[in-house]
Structures are given as C-alpha cells and as structure tokens.
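Please keep the sequence and the coordinates at hand while reading.

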Amino acid sequence: MQASSSSSSPPVPSPLGPPSPWKPIKYRTSYDVFLSFRGEDTRRTFTDHLYAALDHAGVVTFRDAEGLRWGENIAEKLMQIIEGCRISLIVFSEKYADSRWCLEELVQIMECRRIRRQLVFPIFYHVDPSHVRNQTGSFAHAFQKYEENMLSEKQKEGTDKIARWKAALRGAANLVGFDIADRHEAEFINSIVDEICKQLTNTYLNLAVYPVAIHSRVDDICKCLGVGLDDDVRMVGIWGMGGIGKTTVAKAIYNKFYLDFDSRCFLADVRETAKDSNGKIVLQERLLSDVLKPIKIVVGDVSRGVNVIKERLGSKKVLVIFDDVDHEDQLHALDISRDSFGPGSRLIITTRDRHLLELLKVDTIHLAQEMNEEEALELFSWHAFQNISPNEEYVEFSRRVVAYCGGLPLALEVLGSFLFGRSIGDWNSTLKKLEKIPDGRIQSRLRISFDAIDESQRNIFLHICCFFIGMDKNYVIQILNSYGFPAEIEISVLLQRCLVTVSEKNKLMMHDLLRDMGREVVREESPKRPERRSRLWHQEDVTVVLTDESGTEETEGLTLNLQRSDSVSFSTEAFRNMKRLKLLQLNHVKLTGDCDKFPKKLSWLCLRGFSAQRLGKLEILNLSHSHYLRQSPDFSQLPNLQYLILKDCVSLPKIDKSIGLVSQLALLNLKGCTMLKDLPEDFYKLLSVRTLVLSGCSRFENLSKDIENMISLKTLVISGTGISEVPSSVDNMRNLDFSSRQGLSGLKRCDETSRPRLRLWGVISFLRWCALLLRSVGAMCLDASLSIRKAARRVTHGA
C-alpha cells in the first residue's frame with residue numbers, strides 16, 4: 001500500500017490497525033466493496049481489471065452505479081448500497097471530475113464514512129493527488145465549467161453544490177490510499193486486492209474516525225509493556241476521567257500487538273456488562289472463548305468461572321484488555337492477577353478509579369491526559385469540517401468550542417459532528433446555549449463517574465463544583481469537616497476517580513466539563529425555581545433570590561461574587577428562611593440589617609470586601625480583603641471559632657481584646673494587615689493556637705514575651721513585619737517548628753537583662769573547666785614522677 005502525498009495538505013492520520021473503523025448499519029447488501037469510477041476513463045481498462053481481480057479473490061464488489069437511473073430516490077438508494085459495503089474504493093482518473101454523477105457519488109461516500117465509519121481508499125490512477133485535493137490541473141478545468149454553468153442555474157444552489165464537491169474531493173484525497181505512480185498495472189492491482197482482502201478478514205478493533213494524537217499516547221504505554229522483551233507477566237493501568245480516550249488508546253495497543261500473541265481478548269464494556277444479573281458470567285465466558293478459540297466455554301456460575309480461568313489460561317501467553325473496570329468484584333470475577341495467565345502475558349486495565357489499579361499492584365499506572373490546544377483543534381476540525389484545520393470564517397468560533405471542550409476528545413467529537421455543515425448563526429447559538437446548559441450527550445458519559453460514588457462523596461463533589469474550585473485543599477477539608485463530612489477520605493476517593501485534581505500549589509481543581517456536569521445536577525433539582533436548589537452559585541440566580549427574599553430551607557450553600565464597583569445591596573432578611581444554610585460566601589456584597597439573621601447552622605462564612613459585621617456562631621471566619629474594615633468582631637460571640645483569616649484588611653488598626661476568649665482558635669492569619677501594630681496581651685494566653693501569620697504587617701513591631709505560653713504554636717511567620725527583636729522566650733518553645741520560623745533568623749533577642757548573667761555564668765564555667773584540666777594534668781605528672789623513682793630504685797638495688 002503506497003500512501004499518496006502532497007505538500008499542500010497533510011493526510012488524515014491513519015489509526016493503528018485498520019485505516020478507519022466500520023459501523024454496523026440497518027441496510028444489508030451482498031457487497032463487500034463499493035467501486036466508484038469514471039466510466040469513460042477506466043471502465044474497459046483499469047477498473048475492469050481491478051474488478052476481475054477482486055472477484056477472483058472472492059471479494060463481492062458493486063461497480064455499476066452509473067447503471068442506476070438518476071431520479072428523486074437515487075440518492076437514498078445509492079446511500080443504502082454504499083452503507084451495505086465495508087469498503088469503498090474511489091478510482092480518481094483524469095476526467096473523474098467531469099462527471100457530476102461521480103462527484104455526487106463521492107459526496108455520498110464521504111458522508112457514509114463520516115456517519116457509518118466505513119473504510120474509504122482513494123486510488124490515484126495517473127493523476128496527481130494534489131490536483132484532486134486542490135482542484136488543479138484537469139480538475140480545475142472541470143470546476144471552471146461548473147462555475148460558468150452556475151450562472152444559468154440558481155446561484156445559491158449551484159454555489160452550495162460546488163462547495164460540497166470540493167470538500168468531498170479534499171477529504172478523500174487527504175486519506176491514505178493507493179498511487180500507481182510508475183508501477184506496473186498488474187502489480188498495482190495485486191497490491192490493492194491484497195490490502196482489501198486483509199481488511200475484510202482481519203479482526204482488528206475499530207478505532208476513532210480521526211485518530212488524532214493516538215500514536216504518541218500509545219508509544220508511551222508500549223514502553224511500559226515491554227512486549228517480547230521478557231517472560232514476566234506485566235499489568236498496566238490506563239486511568240482517567242470519562243471521555244478522555246482510554247478505550248481508544250487501549251484498542252490501538254491491541255491492534256499494534258495483535259500478531260505478537262497467539263491468544264488475545266479485548267473485553268469491552270466490563271462495567272456495563274457486569275450490571276446484568278448474569279453479567280459476570282458473560283464476561284468470564286467471553287474471555288475464555290476469545291482466548292481458546294474456536295472452543296466455546298460455558299461456566300455456569302461465577303465461582304466456577306474463576307477456577308476455569310486459572311486452570312485453562314494459566315499457561316497461555318495472552319494479550320488481554322479489561323476495558324472500563326469500575327468495581328473490585330469485577331477484578332475477582334475475572335481473576336485479574338499475574339498468577340492467572342502464562343509467562344509473557346500482558347494485561348491492560350482501563351478504569352476511572354485509580355484505587356482498583358493500586359489493589360491490583362499493577363506495574364505502571366498511566367494517566368490519560370487531555371489533548372493540547374493544537375491536537376484538540378485538529379480533532380475538532382476533522383469532525384466539523386472534514387479537514388485538518390477550520391474554514392477561515394469559522395476559526396474564531398472553532399477556538400471557542402475547543403476552549404469549552406478543554407481537550408476532552410469525547411466533547412470535541414460530539415460537538416464537531418453536531419456543528420458539521422451548520423451556519424455561523426447556528427454555531428453562535430450553540431455556544432450561547434452551552435454557557436447555560438451543557439450538552440446532554442457529553443454529560444451522560446461524564447455522569448457515570450458521579451453516579452458510581454456514594455451520597456457523602458456526591459455532596460462533597462457538588463460543593464467543590466459550586467464553591468471550592470481553586471481553593472487550598474487543606475482549607476476546604478477544614479470547612480467540610482465543620483460541616484460534618486469525613487472530608488479527607490472522601491476527597492481522596494474523588495481524586496482516585498479523576499473527579500477532582502490537586503495542583504502543584506495544593507489547590508483543588510477539576511475539568512471544566514466535570515464542573516458543568518456537577519452544576520447541572522444541582523440545576524436539575526429545580527430547573528425553574530433556583531430558590532429550591534441545594535446550592536446557589538450563578539450570579540443571576542443568587543441576585544434574584546436575595547432581591548426577592550425568596551430563599552428556602554432547601555439551600556445548603558450560597559456564593560455571590562460581585563465587583564467592588566457594584567452598588568447592589570441586599571437585606572439580611574433574605575437569609576431568614578434559609579434554615580439549612582451552612583456555607584455562605586459573599587464577596588464585595590453590601591448588606592443592610594442585622595447579621596444575626598444569618599442561619600444558626602452556618603458553619604462557614606466568608607465575607608470579602610465587607611465593611612462591618614455582627615456575626616453568629618462560626619468555626620471559620622474569613623474576612624480577607626475587607627479594605628474598609630476598621631474594627632474586628634466581638635469575639636465573645638464566637639466561642640467556637642477555630643480559623644480566623646483577616647488577610648489584606650489594610651484599614652484594621654487592632655484586634656479586639658475579646659479574642660482571648662476564643663479558647664479553640666487554631667489559626668490566625670493577619671497577612672498584609674499594614675495598619676496593625678500589635679496583638680492584645682490576652683491573645684498570648686491562648687493554648688490552642690497552632691499557626692500565627694503576621695507576614696507583611698509592616699507596622700507590627702512587638703511580640704509579647706508571654707508568647708512562650710502558647711504551647712501549641714508550631715508555625716510563626718513574621719517576615720516583612722517591623723519586628724527587629726524577638727523575646728528570648730521564643731527559644732524555649734519546644735513545639736515551634738524550626739522550618740516554619742520565617743523571619744526569625746538574624747533577629748536580636750530583646751530580653752537584655754539576662755545577658756550579663758549569662759555571660760558571667762559562661763566565664764565561671766570556663767574557669768572551672770580549666771581548673772579541672774590543670775588538676776588532671778598535675779595528677780598525671782605526679783604519677784609519672786613516682787613511677788620513675790620506683791624504677792630507679794629497682795635498678796640501683798639490682799646493681
């Protein structure tokens with residue numbers, strides 16, 4: 001097979017295995033191959049020889065489309081014939097484009113390829129592929145005539161028809177095909193027949209219509225597999241969110257190594273199949289039958305099936321793909337382990353749940369990555385325009401769609417196919433709709449992961465979707481713990497299932513389409529009455545509810561982010577009926593009335609840019625960026641407060657002394673409070689404080705010597721303050737982590753009265769040490785003198 005090439009446009013990337021997958025259709029015919037050609041050019045020569053060769057090889061070929069009479073139903077009839085074939089061969093010859101029939105037929109073939117995933121091979125018979133692709137050479141002459149004749153037809157209809165023909169020619173010429181070039185015709189025909197026979201008889205798996213960027217992803221995993229390098233049994237996991245392309249990559253790996261194993265099995269849709277009452281038995285029997293072909297195995301029950309797998313497959317070198325596994329029971333039923341398969345076997349498991357791969361102790365876990373912008377635009381363009389890049393007038397719209405999809409192949413394919421052939425107006429309308437309501441086909445695939453988790457995990461996921469994206473993970477855990485959730489373990493499950501991620505800066509993140517899916521789950525609770533939803537985050541919905549004071553007890557969380565310049569004001573009465581409200585975030589929101597109207601169950605209140613307040617019982621209070629805050633709260637009303645965050649409150653001159661009453665306070669963050677000079681003495685009596693952040697408090701000059709009483713203090717940050725001396729008692733704080741003493745190094749110790757005593761004690765200690773040393777030396781010398789005298793006496797006596 002010789003691929004055509006041209007410098008004007010790169011060809012469609014070919015998949016690993018068959019050049020393009022084929023999709024079953026409802027119309028059945030007796031043909032394997034549909035042959036499209038220009039009769040005047042090749043009917044009695046090349047095409048006749050090719051047809052004879054195919055027929056001799058047992059390939060049933062339809063070749064006489066021109067024998068059909070063109071009528072009002074011919075397009076439908078022709079489409080049925082094309083759909084019934086697995087392969088279409090297009091013989092591009094010198095005068096191919098002179099035939100309107102051929103061009104219309106080509107449009108139908110390419111449409112069938114797009115919709116039905118049929119295999120299409122162009123054959124360039126003494127014609128330059130670039131002339132076909134770009135309508136130059138003899139193809140230019142044909143289209144020149146069409147455009148001249150168009151003047152006598154309806155202008156709009158003629159223009160659209162010519163555009164369809166050109167698009168079909170360009171798409172077909174971009175496919176990998178056969179170019180006769182300088183080859184002998186007999187040899188050329190034999191190569192075509194060999195390839196067609198191979199495609200009709202192989203059992204490769206069908207991949208994506210446009211396999212963009214699959215090769216690089218496959219290569220990364222193949223390095224871990226080490227097929228043929230040794231006889232150990234290797235297991236590799238492919239892990240990632242729904243729609244990311246795990247199955248497509250696994251199929252490509254299967255096709256790549258298909259011939260390297262005597263036995264193989266691609267066990268598709270494990271999750272979906274296992275749902276049925278006999279689903280696990282079906283999976284066991286499919287695995288055994290695929291590996292032991294042509295023997296058919298019946299196991300009867302799951303327990304027996306596990307034993308049969310171990311007995312019959314334990315000595316076989318196999319390639320097995322376990323696709324979309326989502327539960328531990330499936331691992332046990334299919335006996336997925338190194339001991340169940342013979343030396344040299346390779347097992348690949350695709351899943352949305354990393355924990356399952358950890359249970360299996362696989363050799364490598366490969367995280368399936370989103371497409372980069374360039375790859376995403378190319379994949380989208382193939383589906384939306386049947387070309388490697390967008391049409392010129394659609395470039396900006398295409399980039400907007402690609403940005404919305406966030407590199408998710410599923411979304412790019414769905415939206416690209418939907419927008420194919422539609423007007424700019426339709427594109428614009430679709431984008432506006434997606435801003436409010438996500439595409440249902442995409443959401444249904446993504447929601448599978450959401451439906452698989454328990455109620456507590458779902459609630460935490462929805463909270464993150466609506467309120468906590470971009471926040472520090474540890475901070476969110478603290479908030480949710482105060483809400484009553486076992487947040488740490490539940491978030492770890494969400495991480496394992498690719499529903500959330502954690503950035504390098506420890507921020508909770510998630511894919512935009514997962515975020516939209518979660519928010520759509522909440523919206524569906526009450527599509528037309530936002531006040532009856534469990535969570536409110538959309539500015540328009542929140543504004544309506546607060547303005548109308550229509551809040552209900554269904555709402556558990558609410559956030560509203562306004563700009564500083566907004567002059568909208570709401571009454572605290574709007575929160576009176578939100579009796580179950582626990583999470584509330586208001587940024588630069590102006591409130592009137594008494595804040596005691598806030599619900600009593602409120603456990604997290606974040607008021608950024610707020611000017612004054614009287615607060616109820618809280619565990620977490622975040623008043624960061626309240627630039628006009630000049631007085632801190634009366635902390636006597638906050639006995640349960642544990643985390644107080646006042647970052648960037650640049651007008652706050654002091655902290656109320658009642659902070660000494662907050663016996664459970666664990667964190668005080670005053671970063672950037674540039675007016676603050678000191679802390680109340682009562683603050684230093686708190687025994688529970690673990691973290692004190694004063695960085696950037698440029699006017700803060702004094703730490704009390706009583707800081708040594710804060711026995712729980714682990715982290716003290718004073719960089720960027722006005723502190724030049726610290727109490728020497730800081731050195732006595734055993735729990736203070738040295739790595740957290742930011743700003744302490746190099747500072748003087750301010751307790752000077754003790755220094756003379758320390759210096760005197762040091763001198764006395766030194767002198768005592770010297771005396772002991774001299775005494776020891778003297779003793780040694782005395783002993784030596786006595787020894788010498790005794791020796792002299794013995795010598796004298798002996799003489």
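A residue is called buried when its relative accessible area is under 20%, exposed when that area is over 50%, and partly exposed in between. By that cut-off Gln-330, at 6% relative accessibility, counts as buried. The structure discussed here is a predicted model, and every value below is computed from it.

**Overall make-up**

- The protein has 799 residues, and buried residues make up 49% of them.
- Its secondary structure comprises 26 helices and 26 strands.
- Of the contacts in the protein with a separation of 6 or more, 63% are accounted for by residues 24 or more positions apart.

**Nonpolar cores**

- In soluble globular proteins, nonpolar side chains tend to be buried together.
- The largest nonpolar core in this model has 125 residues, and those with the most contacts inside it are Leu-287, Phe-322, Phe-461 and Phe-468.
- Helix H21, which covers residues 455–468, gives the most to this core, contributing 8 residues.
- When its neighbours within four places in sequence are left aside, Leu-287 is in contact with Cys-265, Leu-267, Ile-309, Leu-313, Val-320, Phe-322 and Leu-334.

- The buried residues of H18 are Pro-409, Leu-410, Ala-411, Leu-412, Val-414, Leu-415, Gly-416 and Leu-419.
- These buried residues pack against H17 and H19, and also against helix H16 (373–385), helix H20 (440–451) and helix H24 (512–523).
- Just after H18, Gly-421 takes a positive phi of about 75°.

- Two packed helices are described by the angle between their axes and the distance between the axes.
- For H17 and H18, the angle is about 145° and the axes are 9 Å apart, while the crossing of these two helices is right-handed.
- On the H17 side, this contact is made by Val-401, Val-402, Tyr-404 and Cys-405, and on the H18 side by Ala-411, Leu-412, Leu-415 and Leu-419.
- Sorted by class, the contact of H17 with H18 has 8 nonpolar residues, with no polar and no charged residues.
- Helix H17 (residues 395–405) and helix H19 (residues 424–436) pack at an angle of about 25°, and their axes are 11 Å apart.
- Angles under 35 degrees count as roughly parallel, and H17 is therefore roughly parallel to H19.
- The crossing of H17 and H19 is left-handed.
- In this second pairing, H17 makes the contact through Phe-397, Ser-398, Arg-400, Val-401 and Tyr-404, and H19 through Ile-424, Trp-427, Asn-428, Leu-431, Leu-434 and Glu-435.
- By class, the contact of H17 with H19 has 7 nonpolar, 2 polar and 2 charged residues.

- Gln-330 is found in helix H14, which covers residues 328–333.
- Leaving aside neighbours within four places in sequence, Gln-330 is in contact with Val-270, Arg-271, Ala-274, Asp-324 and Val-325.
- Asn-190 lies in helix H8, at residues 185–201, and with 47% relative accessibility Asn-190 counts as partly exposed.
- Although Asn-190 and Ala-53 are 137 residues apart along the chain, their C-alpha atoms are separated by 7.6 Å.

- Most residues other than glycine have a negative phi, and most peptide bonds are trans.
- Ala-213 has a phi near 65°, a positive value in a residue other than glycine.
- Ala-213 is found in the loop between H8 and helix H9 (214–225), and this residue is buried, with a relative accessible area of 19%.
- Cys-498 is not a glycine either, yet its phi is positive, at about 60°.
- Cys-498 lies in the loop between helix H23 (487–496) and strand E11 (501–502), and at 12% relative accessibility Cys-498 counts as buried.

Notes. Residues numbered from 1 in each chain as written. Predicted model: local features only at pLDDT ≥ 70, side-chain atom pairs only at ≥ 80, totals over all residues. Heavy atoms only, no water. Core = buried A, V, L, I, M, F, W, Y, C linked by side-chain atoms within 4.5 Å. Buried < 20%, exposed > 50% of the residue type's maximum accessible area, 1.4 Å probe, protein only. Helix = DSSP H or I, 4+ residues; strand = E, 2+ residues; numbered from the N terminus. Contact = heavy atoms within 4.5 Å. Axes fitted to C-alpha atoms, helices over the stretch in contact; angles between N-to-C directions. Parallel < 35°, antiparallel > 145°, perpendicular 65-115°, else oblique. Left-handed = near helix turned anticlockwise from the far one by under 90°. Nonpolar A, V, L, I, M, F, W, Y, C, P; charged D, E, K, R; others polar.
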